[in-house]
Protein chains: 2
Amino acid sequence: MQRIATMKDVAQKAGVSVMTVSRAFKQHASVSEDTRKRILGIAEELGYVFDSNAATFRTQKTGFVAVIIPSLNNANFADTTAALSTALKPAGLQVLLGYSNYDVHEEEEIVEQFLRRRPEAIVLTGGRHTGRTRELLRRAQIPVIETWDLPEDPIGHVVGFSNATTMHDLVGHLVASGRKRLAFLGGDTNGDTRGADRRRGFVAAMKYHGLSPDRLISVGDPPISMREGADAMSRLLRDHADTEAVICVSDLSAFGALTECARKGVRVPEDIAIAGFGAYDISAVCFPTLTTIDPHPAEIGRSAGELIVSLLRGGRSGKNDPVRIEIAPQLSVGGSSA
Amino acid sequence: MQRIATMKDVAQKAGVSVMTVSRAFKQHASVSEDTRKRILGIAEELGYVFDSNAATFRTQKTGFVAVIIPSLNNANFADTTAALSTALKPAGLQVLLGYSNYDVHEEEEIVEQFLRRRPEAIVLTGGRHTGRTRELLRRAQIPVIETWDLPEDPIGHVVGFSNATTMHDLVGHLVASGRKRLAFLGGDTNGDTRGADRRRGFVAAMKYHGLSPDRLISVGDPPISMREGADAMSRLLRDHADTEAVICVSDLSAFGALTECARKGVRVPEDIAIAGFGAYDISAVCFPTLTTIDPHPAEIGRSAGELIVSLLRGGRSGKNDPVRIEIAPQLSVGGSSA
DNA sequence: AATTCTTATGTTATCGATAACAATCAATGT
DNA sequence: ACATTGATTGTTATCGATAACATAAGAATT
């Protein structure tokens, strides 16, 4: 069990100064090609591994971008995170990933913990946060990007879409197909802020069409599982048997609802139409396929990543003007509402 | 845009030494309760945020545990990661998460990148890695834990199960139901090492029962989507119409296969039984429910996390004996093979 | 009262890299 | 031949916290 090698060890063995070794490990530093090769060879020989923490400490640039998503186990957020990570990689930035369990207080805790690591930027999911979270982020003096929402009073930058507005298209589509008695399933708790926004959008859209938005079914706190979607559908069928279409807070609950219909012998879309949200894989594979909204999760991640790179490495002049990028969600009509 | 406050600033304002401030931020350090409160108050007032990087640098303890999974977008690995993260948290350890895209060379790259951050331990998914990966990890002199497999020649510790062996139970169950012409869907590429192990296990189990393991359907490289499962099923039905049961490399492909049967009018389980792997949510919700194997992903994560904590913080004496923890996967019989 | 023990706090050196500046040497221009 | 330039390498100070040791003052012990 010997001590881990440092640059000093490499420098000694190579007969050069530590600075020269440091340069050999950089891309554009001025070291003769001979020396560089020799040094890297010796480093490999000694099993030397560059110490990012030491470099980070000296330069005060960690290369970290903190990313907080509600849950690891969600394909939408995973897609956003993967695309974000990919966009950051060429700039030498690394994602520090945390999850909040859909709870703004847990989010606050993680933000506080992450800020101690001195990330160069931070990406949040959603536009609702505790006052302390906002204050901590304001003080941190790093780019803050809120995603998956279009908050009215953003902390900093925004890459997202309006969850409420997406419901206008969807309700419009269902109404155009002649259906009038529409229900909304989910979005009834404080925890599910995006779901609640969608529900508000549903109510607004129904009123816009002169319809009564009184078929609102609860499902409880997120994450909302397929099972919960099935249970809620069962209640809907019991309490509002004449419903003509149901919009679910996500594709997962929509799929659960779909299976419940299969079990109950309710035909989709003949007896009832079903729509979801998120364009999860399952929406395109299940039978019938699901009508859904594709919020382009990867596009959000890529866009946020590019924004961060341009803010941190692009030498932007107007660092002070917050950027607001709107990603347009897309209605995708499937067999479940044909 | 003012300079970020350091401990020195807090110390000056509080009229104490930096060391006292440092102690005030620790749990068990000897500072009078009065002083501590006063210091923390001043810190808050100044907007001081503890600098983990500096502390890390001095103590040479980063508090990072590197975790590499094949893909962010996979509920099984997400469950393992979440449970791991939860188990590490009380010990003050934080997950540094990366993904390999199911590619051992990408894995090698991430391992190399992560080691520069000096994680205190590293968790890999699977038991197959490049020679260089193994060498890098050996040199790093930190606990290495391979998961989701039981490699014959592990690098260090292991928390997992034998993918091949799980197929014995499953084949046994299907054979016991009177089915003889079984097919396996997936596991045909180098990329899908765990899938390939399952396929090998399938072949071995078939031979054990004196049956011919010649119905092997390709699906390509992971991640294997529902869609690919459906496509593969379509080929199976075309080429081996008399197949009585099919085992799919995962629940996602199994579900795709299930939907394909629905489209083709093939009844499940009457005409053909279907089984998956992974006990994903969908297996319990779809209709019919899927027969599957639950590898207890969260249990793997929890167990790996506890192992790491005991290795790093528990002051284990026998640090040198590699630990091998076997998690027993569980057969879950659903309607798809009734 | 003298000694020992405790508790609270201060002092100094240090972790491993890099920025900034200095120095050396060969090549080039006049 | 001499000044100038450019390429390469070296020297020194430093980032912000903490370990280890030192010290001071009051409490407990004899």
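In this predicted model, about 5,200 Å² of area is buried between chain A and chain B, with carbon and sulfur atoms giving 52% of that area. Expressed in residues, the contact joins 54 of chain A to 54 of chain B.

The polar side of this interface can be followed through its pairs: 22 residue pairs, both at pLDDT 80 or more, are in polar contact between chain A and chain B, and the count of salt bridges between the two chains is eight. One of the salt bridges links A:Glu44 with B:Arg132, where the closest N and O atoms lie 3.0 Å apart. On the side of chain A that touches chain B, the elements giving two or more residues include strand S2 (94-99), helix H6 (104-115) and helix H10 (226-239) of chain A, while H5(A) gives the most, with seven residues. The residues on that side of chain A comprise 25 nonpolar, 16 polar and 13 charged ones.

Within chain B, six strands form an open sheet with parallel pairing, in the order S2-S1-S3-S4-S5-S11. Strand S2 (94-99) and strand S11 (324-326) of chain B are its edge strands, each pairing on one side only, and from one strand to the next the twist averages 15°. Strand S1 (residues 64-69) and strand S3 (residues 121-125) of chain B pair in the parallel sense over four bridges, and B:Ile68 stands opposite B:Leu124 in S3(B). Across S1, S2 and S3 of chain B lies helix H6 (residues 104-115) of chain B, which runs at about 170° to S1(B).

Notes:
Residues numbered from 1 in each chain as written. Chains lettered and ligands numbered in written order. Predicted model: local features only at pLDDT ≥ 70, side-chain atom pairs only at ≥ 80, totals over all residues. Heavy atoms only, no water. Contact = heavy atoms within 4.5 Å. Buried area = accessible area lost by both parts, 1.4 Å probe. Salt bridge = Lys/Arg side-chain N within 4 Å of Asp/Glu carboxyl O. Polar contact = N/O pair within 3.5 Å; in protein donor to acceptor, adjacent residues only side chain to side chain. Nonpolar A, V, L, I, M, F, W, Y, C, P; charged D, E, K, R; others polar. Pairing = 2+ DSSP bridges. Axes fitted to C-alpha atoms, helices over the stretch in contact; angles between N-to-C directions.
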